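Subject: Structure handover

Hello,

My notes follow below it.

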Amino acid sequence: MNAPPYGEYAQVVIDEGIKVVETAGNSPGPVIKQLKAAGIIILHKCTTIRHAASAIKLGVDFLSIDGFECAGHVGETDITNFILLSKARQKLGVPFIASGGFADGQGLAAALALGACGINMGTRFMCTVEAPIHHNIKQAIVDADETDTELVLRRWRNTSRLFKNKVSVAAVKIEKESTTGKFEEVAPYVSGKRGREVFLNGDKDFGVWTAGQVIGLIHDIPTCNELITRIEIEAVESMDASRKLYEPIGEGGNKQGYNKLPSKL
Ligand SMILES: Cc1cc2nc3c(=O)[nH]c(=O)nc-3n(C[C@H](O)[C@H](O)[C@H](O)COP(=O)(O)O)c2cc1C
């Protein structure tokens with residue numbers, strides 16, 4: 001509703017000596033140019049391969065590929081990470097991390113298998129001891145299911161995935177039923193100001209707030225240390241489990257000695 005002064009923000013980032021920056025959104029060219037001129041490493045987040053390719057041309061160093069599962073701006077093409085990540089591996093010549101829908105080590109292992117160098121987690125970190133938000137909101141995430149998000153503002157091609165609550169449901173209703181199609185009708189419902197209040201007052205229905213489909217995979221509120229340690233263990237265990245496909249089968253097993261897999265894998 002009120003575009004921030006991106007150039008001024010970027011200048012503060014440069015003045016503060018920040019070394020790595022994530023950019024996202026439409027027309028990142030001017031900000032990327034400004035940050036690159038200051039020697040900053042840029043990770044650009046995007047939801048399509050076309051935008052990723054444009055960002056590479058603009059000189060970004062690596063990419064965050066954000067699937068349709070993600071929290072916040074999902075883009076307009078609705079491609080989930082199963083396709084996006086493999087396409088990124090096939091088509092992009094720069095390293096990328098996977099974003100959207102990750103909460104555990106099995107997800108990390110899958111992202112690595114599809115070609116990513118790592119994962120980015122947004123919603124999962126909201127639900128940690130250290131996250132500076134009200135406990136009620138963390139509990140709302142734990143209680144939620146993967147179906148408890150809403151896609152808001154599609155009509156204006158600015159689609160955002162938000163937590164499903166009274167306000168986001170009302171916003172979607174107006175968006176669908178409005179005969180004028182005027183953004184002003186829905187604007188009071190999607191106010192970021194009220195959304196920020198939610199994190200302080202703990203009333204999940206006070207305004208709209210961002211969350212991804214991964215809420216369906218989040219069942220506890222660990223410390224960041226516990227979360228990362230667990231993710232590492234789960235990732236290694238799940239990769240070990242898939243490696244077993246290649247291992248000799250012991251006594252009483254398959255007579256051929258190995259699980260049969262095509263030799264050219
Ligand atoms: C509370 C919250 C606020 C966010 N705000 C922004 C934002 O201002 N700009 C942005 O590019 N992405 C924003 N995101 C999206 C994250 O950067 C990231 O792309 C997304 O959370 C990944 O999906 P995941 O939540 O399934 O991990 C936000 C996410 C959350 C959960």
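Predicted model: local features only at pLDDT ≥ 70, side-chain atom pairs only at ≥ 80, totals over all residues.

Residues are numbered from 1 along each chain as its sequence is written.

Overall picture

The protein has 11 helices and eight strands. Both are DSSP runs, numbered from the N terminus: helices are H or I with at least four residues, strands are E with at least two. The C-alpha trace spans about 70 × 45 × 40 Å along its principal axes. Of the 265 residues, 34% are buried. Buried stands for 20 or more other C-beta atoms within 10 Å of the residue's own, exposed for 12 or fewer, and partly exposed for anything in between, with C-beta atoms placed from the backbone. Take the contacts with a separation of 6 or more: residues 24 or more positions apart account for 53% of them. A contact needs two C-beta atoms, placed from the backbone, within 7 Å.

Domains

The assignment gives domain 1 (1-121) and domain 2 (123-221). Such bounds come from an automatic or database domain assignment. The C-alpha centres of the two domains lie 22 Å apart. Their contact takes 15 residues from domain 1 and 16 residues from domain 2. On the domain 1 side, the touching residues divide into seven nonpolar, five polar and three charged. The classes are simple: Ala, Val, Leu, Ile, Met, Phe, Trp, Tyr, Cys and Pro are nonpolar, Asp, Glu, Lys and Arg are charged, and the others, Gly among them, are polar.

Ligand shell

Which residues are closest to the ligand? They are Cys70, Ala71, Gly122, Thr123 and Gly212, out of 21 residues that surround the ligand. A residue counts as near if its C-beta atom, placed from the backbone, lies within 6 Å. Domain 1 and domain 2 each supply at least three residues to the shell. Helix H6 (residues 123-126) gives the most, with three residues. By class, the shell holds eight nonpolar, nine polar and four charged residues.

Strands and helices

Strand E2 (residues 41-46) is mostly covered, with five of its six residues buried. E2 runs parallel to strand E1 (residues 20-24), and five bridges join them. Strands pair if DSSP finds at least two bridges between them. Val21 stands opposite Ile42 in E2. From E1 the chain crosses through helix H2 (residues 29-37) to E2, in a right-handed β-α-β crossover. Right-handed means a clockwise path from the first strand over the helix to the second, with the strands pointing away from the viewer.

E2 also runs parallel to strand E3 (residues 62-66), with four bridges between them. Lys45 stands opposite Ser64 in E3. The chain goes from E2 through helix H3 (residues 49-58) to E3, and this β-α-β crossover is right-handed.

Helix H1 (residues 6-15) is hardly covered: one of its 10 residues is buried.

One residue to look at

Thr149 lies in strand E7 (residues 149-152). Is Thr149 buried or exposed? Thr149 is buried, because 25 other C-beta atoms lie within 10 Å. Beyond its neighbours within four places in sequence, Thr149 contacts Arg161, Leu162, Phe163, Lys164, Ala211, Gly212, Gln213 and Ile215. Gly212 is also among the residues closest to the ligand. The C-alpha atoms of Thr149 and Thr123 are separated by 12 Å, at 26 residues apart along the chain.

Best wishes
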